[in-house]
Amino acid sequence: MDQSGVTAQTPKSPWGSAAPAAPACSLAEVMSEQLAKQLDEENAVFPALSDPAAELLPDEAPDTTSDLMLAQMLQMQFDREFDDQLRREEKKFNGDSKVSISFENYRMVHPYDDSDSSGDEVDWQDTRHDPYRADKPQTTPRKGFTGKGKNITTKHDEVTCGRKNTARMDNEQAVDPRTRLLMYKMVNAGVLENINGCISTGKESVVFHADGGSLEEQPVPDEVVLKVFKTTLNEFKNRDRYIKDDYRFKDRFSKLNPRKIIRLWAEKEMHNLGRMKKAEIPCPEVVLLKKHILVMSFIGKDHVPAPKLKDAMLNSEDLKNAYYQVLHVMQQLYQECNLVHADLSEYNMLWHEGKVWLIDVSQSVEPTHPHGLEFLFRDCRNVSTFFQKRGVSEAMSTYDLFNAVTGLNIPVGAEDEAEFMAEIVALEKRNEDHIQKRGKKTFPVTSEDGGPPLEPDADD
Ligand code: ADP
Ligand code: MG
């Protein structure tokens with residue numbers, strides 16, 4: 001089907017042709033070599049980026065090199081003692097009374113919890129108290145977070161300022177103490193000037209706006225966001241399949257504890273954004289990854305985040321324009337970045353300066369992921385449905401979009417979703433079988449008809 005010139009170049013596809021007779025294996029072989037090479041290249045590019053502030057932000061020991069930090073830690077110690085005392089008084093005051101008066105509001109801030117300062121544990125297991133809960137009332141008016149960024153203060157005032165910033169974060173109860181400490185260290189190290197407040201609390205992450213400082217003498221963008229991956233694992237547990245079947249991460253995945261897996265999500269988002277940047281897809285630029293906190297450029301201006309595509313007020317011309325941009329970006333993502341977004345919808349695209357920006361790519365996978373094409377199909381359905389509902393007559397059907405993105409030629413026929421899906425699943429399966437045959441998996445595999453176990457290729 002003609003895609004009205006949008007797919008002028010025939011897209012190359014790691015799947016080869018959809019026709020069953022196609023020599024998909026040899027193509028896939030080439031692909032897997034390419035992928036390995038690509039990963040090597042990325043690894044060569046990323047080490048510097050992966051944790052550039054590692055020395056700035058030491059994990060293992062509290063940083064006592066800075067007097068400021070020391071003062072703050074002492075202050076926090078004092079605060080904790082104060083709170084303990086307060087708790088005792090509260091208990092005494094309320095006694096056995098059924099109606100109790102809370103002293104909560106008198107408590108001090110605890111940005112640093114030294115009850116386990118040896119490691120870098122985060123309290124991911126404690127799901128009784130989810131510090132990321134979205135429904136938590138915000139005690140600080142939202143407007144307060146968008147005030148002017150750079151504080152004009154003398155050095156002497158910094159302790160108070162630091163406390164104020166952490167206090168603001170604390171008000172929102174958005175992050176656990178360890179995360180707060182990490183964020184705080186970023187400010188202390190000068191990577192960030194100021195953390196202004198939360199711009200989104202989602203199921204898997206909390207996003208903060210911050211003013212950039214500088215990193216190893218390189219300026220950090222004026223406005224950045226911190227995407228804090230939730231360390232309470234409930235939601236991520238459901239999403240393991242996005243990562244444990246991603247060959248790039250799978251070996252590491254199996255060896256990691258859940259807390260480290262969370263970091264892997266952040267790392268995955270960083271790598272994926274890196275690939276996208278290379279392909280010049282509009283997306284946030286990675287500044288720094290620190291454990292489960294990803295710092296990246298802010299899409300928006302003067303503290304106002306760009307609207308999601310679903311909220312952007314677009315006239316029909318802009319909408320049509322946005323549609324073609326999305327189509328193009330999906331093709332680039334698939335063909336140039338070798339990625340499937342896997343959560344693409346009007347919620348994860350921002351409209352900024354007349355362009356569609358892609359965000360939220362921690363779950364993005366390579367097309368050869370065992371469910372990669374199914375994820376892509378879902379992405380296509382979201383995109384098609386959104387633009388069709390908004391009256392973009394040019395918007396292709398889900399099926400045509402899928403074919404336009406992949407370059408596969410799955411027959412659309414009567415637009416029977418079941419048939420189309422069956423074809424997709426068959427392709428995925430063929431790829432999976434191929435990978436298994438090549439001996440990438442170590443467990444013995446039996447062929448589907450119950451025949452003898454497949455021998456790995458001699459060269460493996
Ligand atoms: P989640 O997994 O919680 O959906 P997202 O990456 O989609 O995480 O971020 C949540 C929200 O935060 C987004 O919908 C967007 O409004 C905002 N956001 C995230 N990253 C940025 C950014 N770089 N610039 C501006 N806003 C952002
Ligand atoms: Mg999102």
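Colleague: Which residues coordinate the magnesium ion (ligand 2), and at what distance?

Modeller: The idea is to look for donors, meaning N, O and S atoms within 2.8 Å of the metal (3.2 Å for Na, K and Ca); water is not among the atoms, so sites may look incomplete. Here the magnesium ion (ligand 2) is coordinated at 2.2 Å by Asn348 through OD1 and by Asp360 through OD. Asparagine 348 sits in the loop between helix H10 (316–335) and strand S10 (349–352), while aspartate 360 is in the loop between strand S11 (355–358) and helix H11 (372–389), so the pair links distant parts of the chain, 12 residues apart. Helices (H or I, at least four residues) and strands (E, at least two) are DSSP runs numbered from the N terminus.

Colleague: What should I keep in mind about the model itself?

Modeller: It is predicted, so local features need pLDDT of at least 70 and side-chain atom pairs count only at pLDDT 80 or more, whereas totals for chains, interfaces and linings use all residues. Residues are numbered from 1 along each chain as its sequence is written, chains are lettered from A and ligands numbered from 1 in the order in which they are written, and side-chain values use heavy atoms, with hydrogens and water left out.

Colleague: Is asparagine 348 buried or exposed?

Modeller: Buried means under 20% relative accessible area, exposed over 50%, and partly exposed in between (1.4 Å probe, protein chains only). At 7%, asparagine 348 is buried.

Colleague: How many aromatic pairs does the structure hold?

Modeller: Rings of Phe, Tyr and Trp (its six-membered ring) pair if their centres lie within 6.5 Å; planes under 30 degrees apart are stacked, over 60 edge-to-face, and the rest tilted. There are 8 aromatic pairs here. Tyrosine 323 and tyrosine 324 are edge-to-face, because their planes stand at 65 degrees, with the centres 5.4 Å apart. Tyrosine 323 is buried at 0%, but tyrosine 324 is partly exposed at 28%. Phenylalanine 377 and tyrosine 399 make a tilted pair, 5.9 Å centre to centre and 50 degrees between the planes. Phenylalanine 377 lies in helix H11 and tyrosine 399 in helix H12 (residues 398–406), so this pair ties together parts 22 residues apart in sequence. Phenylalanine 377 is buried at 2%, and tyrosine 399 is buried at 9%.

Colleague: Which residues do ring pairs link into a cluster?

Modeller: Tyr323, Tyr324, Phe386 and Phe387.

Colleague: And how many disulfides are there?

Modeller: A disulfide is a pair of cysteine sulfur atoms within 2.5 Å, and the count is 0. Cysteine 198 is buried at 3%, and cysteine 380 is buried at 0%.
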